[in-house]
Amino acid sequence: MYVKVAICLTFAILLLISCSIYVGTIDAKSYFFPLLQPPPLRLSLCATDRPLRVYMYDLPRKFNAGMMDRGTSQVAAPATVENFPPWPKTSGLKRQHSVEYWLMASLLYDEEEGSEAIRVSDPEMANAFFVPFFSSLSFNKHGHVKTDAEADADRQLQVELLEFLRQSKYYQRSGGRDHVIPMTHPNAFQFLRQELNASILIVVDFGRYPRNMSSLSKDVVAPYVHVVDSFTDDDPLDPYESRTTLLFFRGNTVRKDEGKIRVKLANMLAGIDDVHYENSVGTPKSFKMSTKGMRLSKFCLHPAGDTPSSCRLFDAIVSHCVPVIVSDKIELPYEDEIDYTEFSIFFSMKEALEPGYLIDQLRRFPKDRWINMWMRLKNVSHHYEFQYPPKKEDAVNMLWRQVKHKLPGVRLAVHRSRRLKVPDWWQQKR
């Protein structure tokens, strides 16, 4: 009797499995041969709303916050949220290159809601690795002084950082490709930057970077940190008529490279009543005068400087002054998400130097179209705010989202490098 029952149960189980395979509820191969199954595919980071998981190296304070406080510059322990110093209000023009500071601060802030990136303590869980070296501040503090001892201090920090990274198994694993390194000052990391050309660099433009080192395909373009005050109560009855200056520029007119256009524009625009074009340097008084001037102007001129971009563009954005961009090789932040033609006007350098052309175009610019641009500026200006604590879709969160956009390309490069048996033909001259 028991034998019959066992036979019936076996038959019933086999019949149930057969029916399940037939209707598709059981994958026979995975059920009977689980080791033959490929690992599950990892979802693309850009296809999810999950925050980017970032591992931040615990570097000694001399590489970052110690530069802001001489008393802690030799402390070996890394900076923490409890002892991280606020950005000094009296930093002057150094503030424009402080992106590195705000990115580090955002990872120290332990709050996931609204954040595009969260810090993880386990590097095995990380999508990307952040290197908290204040390379721009190091140049401003050491290299900018032009003494041998100070320049050596900047160089020594770069040498020590490279030694540290080359000993990291995570840097070795990807060849540094998934490492994020801010270099927003044109002269940041000037001695050894070529050693880091595989990493994701945070730059403001590509003016002083060779093409074999930095490119739009792998690097992230950041905005300068604006130095004028944000216009938070810009709600006049008639915004167009309330701004009595047609075109405003205030800054250094003696520049190198494409920035030589500034002197030419100064000569062309001299003597025009509703155009303010003034040579000045970056001082607290100058910042206040620029704040006032931009808020009273319909258009703010952004000519190229020593490099294609400058802080002036982002000062104009937070002042809701329609930018007039004259820089043929400029690259702009978040341009895969933001269309700058919705709130900016672009002229080639050749067009801008044609006598009378630029001013004539601005005078003919329709009022209703200008108001639409002004309204768009008010809607996007929060994307250019660096602050602590960070806020949803502010500048640091936009930058972390840009880093996330680069990671599929990083993964492709890492996977290709593991299987190539010959030098990469895409890197060779053809």
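Which side chain meets that of aspartate 360 in a salt bridge? The partner is arginine 364, with 3.3 Å from N to O; a salt bridge here is a side-chain nitrogen of Lys or Arg within 4 Å of a carboxyl oxygen of Asp or Glu. Aspartate 360 is partly exposed at 30% relative accessible area, while arginine 364 is exposed at 63% (buried means under 20%, exposed over 50% and partly exposed in between, with a 1.4 Å probe and protein chains only). Salt bridges with shared partners also join Glu116, Glu337, Glu393 and Arg401 into one network.

A word on the model itself. The structure is predicted, so local features need pLDDT of at least 70 and side-chain atom pairs count only at pLDDT 80 or more, whereas totals for chains, interfaces and linings use all residues. Residues are numbered from 1 along each chain as its sequence is written, and side-chain values use heavy atoms, with hydrogens and water left out.

The salt bridges come to 17 by this rule. One of them pairs lysine 367 with aspartate 238, at 3.0 Å from N to O. This pair links distant parts of the chain, 129 residues apart: lysine 367 belongs to helix H13 (residues 367–380), and aspartate 238 to the loop between strand E6 (220–221) and helix H7 (239–242). Helices (H or I, at least four residues) and strands (E, at least two) are DSSP runs, numbered from the N terminus. Both ends are partly exposed, lysine 367 at 33% and aspartate 238 at 27%.

Another salt bridge joins glutamate 278 and arginine 250, whose closest N and O atoms are 3.0 Å apart. Glutamate 278 sits in strand E8 and arginine 250 in strand E7, so the pair ties together parts that are 28 residues apart in sequence. Here glutamate 278 is partly exposed at 24%, but arginine 250 is buried at 9%.

Now for the rings. The whole structure holds 22 aromatic pairs (rings of Phe, Tyr and Trp, the last by its six-membered ring, with centres within 6.5 Å; planes under 30 degrees apart are stacked, over 60 edge-to-face and the rest tilted). Phenylalanine 129 and tyrosine 170 make a stacked pair, 5.5 Å centre to centre with 25° between the planes. The two lie 41 residues apart, phenylalanine 129 in strand E3 (residues 128–130) and tyrosine 170 in helix H6 (residues 169–174). Phenylalanine 129 is buried at 0%, and tyrosine 170 counts as buried at 12%. A further stacked pair is phenylalanine 249 with tyrosine 277, at 4.4 Å and 25°. It links strand E7 (residues 245–251) to strand E8 (residues 275–279). An aromatic cluster takes in Tyr55, Tyr57, Phe129, Phe164 and Tyr170.

Some rings have a charge over them (NZ of Lys or CZ of Arg within 6 Å of the ring centre and within 35 degrees of the ring normal). Arginine 295 lies over the face of phenylalanine 231, 4.4 Å from the ring centre, and the charged end of lysine 298 sits 4.7 Å from the centre of the tyrosine 240 ring.

Finally, helix H14 (residues 395–419) contains arginine 416, which counts as buried at 18%. Leaving out residues up to four places away in sequence, arginine 416 touches Asp424, Trp425 and Trp426 (contact means heavy atoms within 4.5 Å). Tryptophan 426 lies in the segment after H14 and is exposed at 54%.
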